[in-house]
Amino acid sequence: MKKLFCTLLTVLSGLCAQAQHFVLDFDDHNQGWSISTGNAMVVEGGQKGKALQLDPHSMVTIRMNPQAQTTYKLTAYLKTAAGDTHVTLQGTELYGHEFSISSALAAWTKVEQVFSTDAGQRKGGRLEVVFNGSSRAWIDEIVVERIGDYKAPVYKGFVPLKKREVVTDFGVPMQPDDKIQWLRDAKLGLFIHWGLYAGPAQGEWYQQNKGILPEDYRKLAYPESGNEYFDAKVFDARKWTALAKKMGARYATLTTMHHDGYALFESHYMNAFTSKQTHNRDFVREFVDACHEDGLRVGLYKTLINWRFPGYYDVTGTDCKKNTFGYTTAAWHKENARQMKEELYCQTKELLTNYGKIDILFWDGGWIAQKPSDREGARVWESYKYLTTDNPWPVNPLFQVKETSTGRPLGLIGMCRQLQPDILMNPRSGWVGDYTCDEGAHDVKGEIRSGLVEKCMSISSFWGFSHEDEHPEKVLSVQRIKRIFADCLIRNMILHINVGPDRHGNIPKVMEQRLTQFGDWVKENQEAIYATQGGPWQPKENQYGFCYKDDVIYVYLLDGFKGTSLTLPPTDKGYQMVNAYQVADKKAIRVTQRGRRITLHQLQSTGDIQVIALKMNKVIRQ
């Protein structure tokens, strides 16, 4: 496909040599964007007027020219063709203030980012729209507005530690720091997407993307579907947990049910469609037992939405939203939506009651008709502490879980807390969540995160199995995985890496090889990984960053680092360097200290990630 290339950088809304405010709405073809890779074009159907459409594996660059020592607010609208992929908007060349935001929603979604520039911002500063999905994505209505002056803080020592904010939302408090500490220390998890969609091998959104009705889609669970049959004949949960341990993961998460509504567990809800019915196997039980036996913490993924129910697109029975299945408005859809919600409630109860201790519940798909936000969808799911008495989609009293102390019927999140008091949940049910998610394999940028942030990503184009997963060039390289993980560690984040087994239960060989090789690197550097804290200084984009544990500071020299020496930011008063060594081979490193400044000498730019340990005379942040 012939590339489009727009070279005219038109000044908009007073845009001058350095920007105060500009708008990029794509209604004028002579606007300032250019294609870096792939293909993009202006099309109709934007959030307002026209939008910029990106084809798979494309990147578009937009020059900002921001002023120095200024704070800006960026807003934009993002959209994907289907929720199986994500589009990313990232700020680069911002000298330590880089950022990355993304969306996987198949509806126009507003994203916002506040960023600042330092005194050294004399040139550059650009936005990059990155889309590596398999369909298409769009961006529209980019606004960058100056909101004030900025003066970079000057630290005479370690950067102050930002504490995680613990709040109560919908009547349910977030878990306190002591209950999330295990996840913060674990650093690495294995995510597994597996279900009927593994048969057609076109990703986990296959049913919705192709508009396959439930009565036809369910055939994938039976031999009549031939070479697309989800036979699960070689599924062995212990092989999966063995891979998790080889890659260095401390927890593993399985999709107990994706949006197609096929449950990999036994369920007694009257309308359930399960592996117990089709295969006489409870795959979730086998997985959970394997995790417990192998010493892994257990995560269970659970979707809220369910394509088996037409009412998902027409919760009121009066306004059926656009869908690929051909559903149109019908009054009975309201009751159908109620049943969908009730099934969710009952199956969540089963998952948290029948399998022993569950450490993480990874919610997904809280939005109704794949359009509103998760927060807006909470009114349907009742992601609250208690069920309400006037909800239009009530859960039958026979199925309600009552609060032990008061007898009041518990809402979805309140029920989870009562059944599994220590469980951690993400925010995709509409409830605030104990931790937040950064989805996708895009770059990790910016400063150290204050809360608990999990980056979850697939190492191929899809989350569920695709034949692309069998081709080395389609799977993330070991170097890329290492770099993303290192960028997470130095920002106090954790990484959740996804694979998609095939219809038989095999994890593709190339994925297994990549994660095993990555695990070798993790093992070599494990002292600088597990139970560390990002800091005590902010990272330098694409160059280096830090984490620490006890009395040791770990310096991560990233693959973009060039130079033979590095002088670190100042330490707090009273800190003296004792010795320094390369973590992987324990080889000594030449280091000098003058006052509060430590300098590393005789460094080599290897093009790989190097980790150096600096043992200090006392505990960091004592």
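Asn-492 touches Arg-184, Lys-187, Ile-448, Arg-449, Gly-451, Thr-532, Gln-533 and Gly-534, leaving aside residues up to four places away in sequence; contact means heavy atoms within 4.5 Å. The model is predicted, so local features need pLDDT of at least 70 and side-chain atom pairs pLDDT 80 or more, while totals for chains, interfaces and linings use all residues. Numbering runs from 1 along each chain as its sequence is written, and side-chain values use heavy atoms, without hydrogens and water.

Asn-492 sits in the loop between helix H10 (478-489) and strand E23 (493-499). Helices (H or I, at least four residues) and strands (E, at least two) are DSSP runs, numbered from the N terminus. Is Asn-492 buried or exposed? Asn-492 is buried, at 2% relative accessible area; buried means under 20%, with a 1.4 Å probe and protein chains only. Its side chain reaches the backbone nitrogen of Gly-534 at 3.1 Å.

Gly-534 leads on to a sheet. Strand E24 (533-534) is one of its edge strands, and strand E28 (577-582) is the other. The sheet is open, has five strands in the order E24-E25-E26-E31-E28, and pairs antiparallel. E24 pairs with strand E25 (residues 544-549) over two bridges; pairing requires at least two DSSP bridges. Gln-533 has Tyr-548 as its bridge partner in E25.

Now the second largest pocket. Its lining holds 22 residues, and the closest to its centre are Pro-153, Tyr-155, Val-159, Gln-538 and Pro-539. A pocket here is an open set of points on a 1 Å grid, with protein on both sides within 12 Å along at least five of seven lines, where a 1.4 Å probe fits; lining residues have an atom within 4 Å of a point.

Key:
Buried means under 20% relative accessible area, exposed over 50%, partly exposed in between (1.4 Å probe, protein chains only). A polar contact is a pair of N or O atoms within 3.5 Å; within protein, one must be able to donate a hydrogen and the other to accept it, and residues adjacent in sequence count only if both atoms are side-chain atoms.
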